[in-house]
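Subject: Structure handover and findings

Hello,

Here is the structure I promised to pass on. Please open it alongside this note.

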Amino acid sequence: MSPVDLAPRHPRDRLIVALDVRSVEEAEALVETVGDSVSFFKIGMQLSFAGGLPMVRRLADRGKRVFLDMKLLDIDNTVEKGVESIAALGATLTTIHAYPQAMEAAVRGRGDSGLGLLGVTVLTSMDDNDLKKTGYSQNAESLVENRAAAAAAIGMNGLVCSALEAARVRTIIGSDMLIVTPGIRPEGSATGDQKRIVTPAEAISAGTDYLVVGRPVSQAEDPRGAADAIVAEIEAAL
Ligand code: C5P
């Protein structure tokens, strides 16, 4: 497989729409509805476990990019072989929990496939208290910083983090790695269960490369119009 260029070429490429729906039919319908307005889609656990994995190849064959958000963490051999299989599916990006051994295994599995490996430092649903309960002595901020530095040293392609952490993370990882941020809400849209949210323009100003947006597009009355409005906001902020 030829290496994939991971840098966004057009403002539109920076929007990744999360296909967080219950069935392949719903996912295919959303892809049709947004049409040329969206070039990059995220497939996570919900759709994967509902028969969505073959959509990775189908979307790639239609010239779309796919972020397969699997948040891998397992013994080294399993992570390495899992990443090899994800690369063969035709995904552009995937996620690994940013434990050093898992990231090293993922880098071996990536080989020269061109698959982009993103480290998940600390889930944004976890605060310092949750980390303590999990047995960590570090707070979230220092754990994010340590794991970001490890990801860069190991040769990961980028990190998933909150846009609120992006500027700090950028100083640790430098300009060559990607920063991908969820928790985006255009002005006036419902926040849902996201607690720490930013607008598309704020995320771009913080140094984000790719914005993951789910419900503000998928639950919109006009998903295509919602995607176009986000792209316009990204373009204006660049
Ligand atoms: O609907 P919404 O825009 O909140 O969707 C955000 C997407 O990003 C979901 O697929 C969610 O799982 C993902 N995500 C997140 N926060 C993280 C990591 C991933 O919201 N820290």
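Below is what I found, taken region by region. Keep in mind that this is a predicted model.

**Nonpolar cores**

The largest nonpolar core holds 64 residues. Within this core, Leu15, Leu19, Ile43 and Met55 touch the most other members. Helix α7, residues 140-154, gives the most to the core, with 7 residues. There is also a second, separate core of 13 residues. Ile16, Phe67, Val120 and Leu178 are among its members.

Leaving out residues up to four places away in sequence, Met55 touches Leu19, Val24, Ala27, Glu28, Val31, Ile43 and Leu47.

**Leu30 and helix α1**

Leu30 sits in helix α1, which runs over residues 24-34. Is Leu30 buried or exposed? Its relative accessibility is 8%, so Leu30 counts as buried; the cut-off for buried is under 20%. Residues up to four places away aside, Leu30 touches Leu19, Ser218 and Pro223. For a distance check, take Leu30 and Leu72. They are 42 residues apart along the chain, and their C-alpha atoms are separated by 26 Å.

**Helix α11**

One of those contacts, Pro223, leads on to another helix. Helix α11 covers residues 223-237, 15 residues in total. From first C-alpha to last, α11 reaches 21 Å, close to the 21 Å expected at 1.5 Å a residue. Its buried residues are Pro223, Ala226, Ala227, Ile230, Val231 and Ile234. They cover an arc of only 135° around the axis, which puts them on the same side of α11. What do the buried residues of α11 pack against? They pack against β1 (15-18), α1, α9 (200-205), β8 (210-213) and α10 (215-218).

**Helix α8 and Arg170**

In helix α8, the buried residues are Ala163, Glu165, Ala166, Val169, Arg170 and Ile173. Seen down the axis, they fall within an arc of 150°, so they line one face of α8. Leu164 and Thr171, on the other side of α8, are exposed. The buried residues pack against α7, β6 (158-160), β7 (178-181) and α9.

Both ends of α8 deserve a look. Ser162 caps the N-terminal end, with a side-chain oxygen 2.9 Å from the backbone nitrogen of Leu164. Just after α8, Gly174 takes a positive phi of about 80°.

Arg170 is a charged name on the buried list, and α8 spans residues 163-173. Which side chain does the side chain of Arg170 meet in a polar contact? It is that of Asp209, at 2.8 Å. Neighbours within four places aside, Arg170 is in contact with Ser175, Met177, Ile179, Gly207 and Asp209.

**Salt bridges**

The count comes to 12 salt bridges. Here are some of them.

- Arg22 and Glu26: the closest N and O atoms are 3.7 Å apart. Arg22 is exposed at 64% relative accessibility, and Glu26 is partly exposed at 33%.
- Glu32 and Arg62: the closest N and O atoms are 3.1 Å apart. Glu32 lies in helix α1 and Arg62 in the loop between α3 (54-61) and β3 (65-72), so the pair ties together parts that are 30 residues apart in sequence. Glu32 is exposed at 51%. Arg62 is partly exposed at 42%.
- Asp69 and Lys71: the closest N and O atoms are 2.9 Å apart. Asp69 is buried, with a relative accessible area of 8%. Lys71 is partly exposed, at 29%.
- Glu80, Lys81, Glu84 and Arg108: these residues are linked in a network of salt bridges.

Best regards

Key:
Residues numbered from 1 in each chain as written. Predicted model: local features only at pLDDT ≥ 70, side-chain atom pairs only at ≥ 80, totals over all residues. Heavy atoms only, no water. Helix = DSSP H or I, 4+ residues; strand = E, 2+ residues; numbered from the N terminus. Buried < 20%, exposed > 50% of the residue type's maximum accessible area, 1.4 Å probe, protein only. Contact = heavy atoms within 4.5 Å. Expected span 1.5 Å × (residues − 1). Arc of directions from axis to C-beta. Polar contact = N/O pair within 3.5 Å; in protein donor to acceptor, adjacent residues only side chain to side chain. Core = buried A, V, L, I, M, F, W, Y, C linked by side-chain atoms within 4.5 Å. Salt bridge = Lys/Arg side-chain N within 4 Å of Asp/Glu carboxyl O.
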